[in-house]
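I opened the notebook to look up how the chains of this model sit together. The model comes first, my entries after it.

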Protein chains: 2
Amino acid sequence: MYNSKETDYACILKSQKSDIGGINMTVEEMAREMKLQAPHMGATSAEARNSALEEIKNALTAHKEDIFAENHKDLDAADESGVADAVKKRLKFDEGKMNSVIEGLDALQKLEDPIGKVTLNRELDEGLRLVRQSCPIGVIGVIFEARPDALVQIASLCIKSGNCAILKGGKETINTNRILFKVIKEAIAKTELPDGCLAQAESHAEIDELLKLDGYVDLLIPRGSNKFVRYIMDNTSIPVMGHSDGICHIYVDEETDEAIDIITDAKIQYAAACNAVETILINKNVSDEFLKALAKRLRSEGVNINATPDMKERMGDEGADATSITDEDFDREYLSFALGIKFVSDVDEAIEHINRHGSHHTDAILTHNEDHIERFMQLVDSAGVYANCSTRFSDGFRYGFGAEVGISTGKIHARGPVGLDGLMTYKYKLYGSGQTVEKYATGEKAFTHREIPSDG
Amino acid sequence: MYNSKETDYACILKSQKSDIGGINMTVEEMAREMKLQAPHMGATSAEARNSALEEIKNALTAHKEDIFAENHKDLDAADESGVADAVKKRLKFDEGKMNSVIEGLDALQKLEDPIGKVTLNRELDEGLRLVRQSCPIGVIGVIFEARPDALVQIASLCIKSGNCAILKGGKETINTNRILFKVIKEAIAKTELPDGCLAQAESHAEIDELLKLDGYVDLLIPRGSNKFVRYIMDNTSIPVMGHSDGICHIYVDEETDEAIDIITDAKIQYAAACNAVETILINKNVSDEFLKALAKRLRSEGVNINATPDMKERMGDEGADATSITDEDFDREYLSFALGIKFVSDVDEAIEHINRHGSHHTDAILTHNEDHIERFMQLVDSAGVYANCSTRFSDGFRYGFGAEVGISTGKIHARGPVGLDGLMTYKYKLYGSGQTVEKYATGEKAFTHREIPSDG
């Protein structure tokens with residue numbers, strides 16, 4: 001949960017001042033300044049950006065006791081306000097979280113520089129050459145849930161990719177965020193990176209300010225509850241990268257040896273994750289034995305089964321205590337040890353159900369039938385379409401991207417798990433020698449449109 | 001101008017019925033149906049999509065006299081309501097426009113199929129293979145100004161890229177749009193493409209309906225006046241591809257032989273285009289002779305000069321009738337035979353002016369100084385950064401893209417001139433053989449993350 005008063009987003013005071021890096025600026029002033037700094041950040045060398053990651057790693061290690069102490073203050077405050085244990089786990093920043101943050105910083109340094117990659121090199125005419133080259137997006141606003149490790153992870157992804165970032169963490173970890181940000185800023189000050197490449201926003205009111213700054217902020221990445229992400233998407237004209245729902249499906253086209261293991265893994269391996277399965281669609285031709293074994297296994301793992309009446313019936317005794325649901329109940333994201341289950345008559349009905357009720361995140365088919373696999377993968381309109389494995393694989397680390405900012409269900413720009421590439425755009429550079437368009441319009445000159453080989 | 005009553009967008013009746021392909025459906029019903037059709041459109045073969053383009057070409061040729069007759073009705077109506085000649089030129093669909101539409105359809109058929117390109121092929125572990133493959137975006141809403149040739153061009157780009165499209169043309173060419181759409185639909189009916197892959201919206205109220213359909217429409221492409229594009233951007237949470245302003249700059253770092261030709265071309269070759277230059281920044285060290293020659297040439301071409309007082313003074317007699325402007329007057333898009341002109345002290349001041357006042361579209365530097373060229377290209381935050389040529393080159397045909405939907409100043413997804421690539425997204429296909437995540441989480445198994453060669 002990002003915020004305990006989730007309905008209050010729209011009715012809070014505007015233009016509140018926030019102490020950013022020691023200077024009193026509004027978010028708007030900060031973003032305007034950052035917009036002009038951003039091209040300079042994009043022009044820094046890979047060495048400078050990697051050495052900033054190294055400095056941050058060393059500074060975090062050197063200040064770790066102070067960081068843990070500040071985190072204890074946040075945990076104590078959470079205890080006082082009776083925060084649930086599951087949430088407290090996300091607030092905690094301990095030796096274990098520190099180690100994975102440090103590992104992340106090491107891995108990020110090793111990744112190839114994403115800036116300046118040439119993706120088109122074309123002679124338009126003699127003496128007129130077009131080059132398309134990758135460059136950072138610019139100013140990114142990151143609004144994240146109460147996970148202090150996310151602050152470090154996203155700040156370092158922005159640094160590696162040459163982007164400037166405004167970071168707004170959850171108030172539940174205000175002390176931890178503050179010291180982490182301070183340590184990171186001091187580490188950056190030792191490098192060649194522009195001082196203003198990172199800024200912190202602390203007050204909740206600043207979220208609404210941030211949403212209005214479409215002239216200065218190029219991209220928003222919200223990391224929080226569905227309701228919060230939806231609020232962001234509905235209240236800004238700045239592009240938003242992310243997803244609100246994660247209604248993932250598994251369609252059992254036929255019984256396979258691993259089907260029950262895969263369904264169980266996809267549900268319970270981390271039930272609160274967006275890539276956990278929520279709906280199981282089962283071909284009506286599978287055996288009653290399979291249905292009974294599936295129900296038995298799910299029950300033994302503590303999963304609540306929500307099934308259509310015909311499904312309950314065929315599950316026999318194992319389905320006796322399942323909750324009865326109807327076809328209208330399949331737009332639900334449980335995010336807990338619970339799932340919905342129903343029959344479909346064939347792969348096409350499964351595809352249609354998923355395209356109608358899903359959230360275009362990740363959906364899987366379990367079958368040995370190659371034709372059904374290809375049809376499912378072709379026609380299911382989701383960022384991830386899987387055969388014979390768990391939906392939980394939908395993740396930047398598991399895909400081998402090294403680091404991720406999150407998962408996108410949007411189709412514009414990055415889709416699926418988003419790594420460094422999702423933080424890049426490109427620009428076209430045109431090198432001329434006096435050319436005007438008029439001569440090509442009249443036919444006096446003609447374009448050659450010749451690709452220049454990469455060694456040319 | 002898209003519409004003579006531009007302020008009325010928000011206050012028109014909702015849920016008006018429109019006759020789409022002969023069936024009365026609301027835009028919402030149409031879009032919901034199309035969303036389910038879209039994966040099937042994406043699964044059609046390149047041959048089927050190319051043969052649809054061929055059928056459309058033949059049908060347009062066969063019905064050209066009927067089309068011209070309908071267009072005459074629109075032109076007569078325009079005459080009656082006193083539409084300006086410049087606008088009438090855009091409404092006209094004559095032999096010349098027909099020929100370029102036919103040429104476009106031919107060129108499009110020859111372009112490579114953009115669907116199914118593999119951009120990642122990676123073994124995550126033995127028996128677990130990840131493939132990233134290009135696929136169409138899905139349902140695209142195109143709202144365009146009163147240019148009937150744009151209807152054909154954009155419909156054919158959507159067909160080639162396997163997207164479904166809802167087309168809303170301007171009311172000024174309602175008769176022409178109606179017959180063009182009918183001819184295209186009849187041509188598609190002869191092919192294997194789904195009948196519902198294209199739909200037409202005719203009533204103005206449907207624009208506002210369309211803007212709300214973020215569950216069904218994946219992308220909006222508005223083609224119209226700045227004010228209209230801005231209205232679309234501000235009133236939808238659907239991603240919008242395009243640009244509102246085109247405030248392009250030329251910075252004269254030093255006098256070059258072609259500088260005056262380039263500036264003149266960039267201003268007058270097509271003054272109403274978004275890539276026409278609006279602001280000239282001049283290094284204060286250029287000679288008075290250059291300034292006088294520039295002013296003389298612009299005046300002789302009929303260009304109104306808006307200059308700062310110091311610029312006017314150094315232009316001498318040639319600048320005597322120039323309009324005096326101040327530093328506050330440089331956020332203006334003239335879109336006519338007029339431009340603003342001022343001094344800057346060096347390349348850095350030019351870069352800062354452009355990043356602050358520009359629209360991130362296309363900006364050029366004129367100089368022989370290689371360092372200044374590289375600094376300008378690195379630090380100017382625009383989709384196109386040019387050296388020693390006209391800003392008017394910023395165009396899909398001139399870049400060799402064959403066809404374009406428009407120019408994007410957004411940094412998310414396509415930037416600059418947008419061809420077929422901008423209408424594509426990708427999906428991740430994961431082929432497993434029973435894998436669960438738990439075994440990788442516990443360390444029982446480890447990822448191999450091995451790239452599979454393209455012939456593997």
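This is a predicted model: local features need pLDDT of at least 70, side-chain atom pairs count only at pLDDT 80 or more; totals for chains, interfaces and linings use all residues.

These entries go from symmetry to interface, then to a sheet and one lysine.

I superposed chain B on chain A. A rotation of 180° does it, with 0.0 Å of shift along the axis and an RMSD of 0.1 Å. The two copies are therefore related as by a two-fold rotation axis. Next I looked for the C-alpha of chain B nearest that axis. It belongs to B:His413, 2.0 Å away from the axis.

**Interface.** I then checked which residues of chain B lose the most area to chain A. They are B:Ile412, B:Tyr428 and B:Val437, together 11% of what that side buries. I also compared the two sides. Of the interface residues of chain B, 100% are also interface residues in chain A, so the copies meet through the same surface.

I traced an open sheet of 11 strands with mixed pairing. Its order is β12(A)-β11(A)-β13(A)-β10(A)-β9(A)-β14(A)-β15(A)-β18(B)-β4(B)-β3(B)-β19(B). At the edges stand β12 (323–324) of chain A and β19 (450–451) of chain B. Each has a single partner strand, so one side of each is left without a neighbour in the sheet. I looked at one pair inside chain A. Strands β11 (residues 304–307) and β13 (residues 338–344) of chain A run parallel over four bridges. There, A:Asn306 has A:Gly340 of β13(A) as its bridge partner.

I followed with the helix on this sheet. Helix α10 (residues 259–268) of chain A packs on it. The helix touches β9, β10, β13, β14 and β15 of chain A, and also β18 (424–435) of chain B. Its direction makes about 160° with that of β10(A).

**A:Lys411.** I found A:Lys411 in the loop between β16 (406–408) and β17 (416–418) of chain A. Is A:Lys411 buried or exposed? Its relative accessibility is 7%, so A:Lys411 counts as buried. I then listed what A:Lys411 touches, not counting residues up to four places away in sequence. The list holds A:Asp381, plus B:Lys35, B:Ile137, B:Gly138, B:Asp218, B:His413 and B:Thr425. The side chain of A:Lys411 makes a polar contact with that of A:Asp381 at 2.9 Å. A polar atom of the A:Lys411 side chain also lies 2.6 Å from the backbone oxygen of B:Ile137.

Definitions and conventions:
Residues are numbered from 1 along each chain as its sequence is written. Chains are lettered from A and ligands numbered from 1 in the order in which they are written. Side-chain values use heavy atoms; hydrogens and water are left out. Copies are superposed by least squares on the C-alpha atoms of residues with pLDDT of at least 70 in both. Contact means heavy atoms within 4.5 Å. Two strands pair if DSSP finds at least two bridges between them. Helices (H or I, at least four residues) and strands (E, at least two) are DSSP runs, numbered from the N terminus. Axes are lines fitted to C-alpha atoms, for helices over the stretch in contact, and angles run from 0 to 180 degrees between N-to-C directions. Buried means under 20% relative accessible area, exposed over 50%, partly exposed in between (1.4 Å probe, protein chains only). A polar contact is a pair of N or O atoms within 3.5 Å; within protein, one must be able to donate a hydrogen and the other to accept it, and residues adjacent in sequence count only if both atoms are side-chain atoms. Buried area is the accessible area (1.4 Å probe) that two parts lose on being put together, summed over both.
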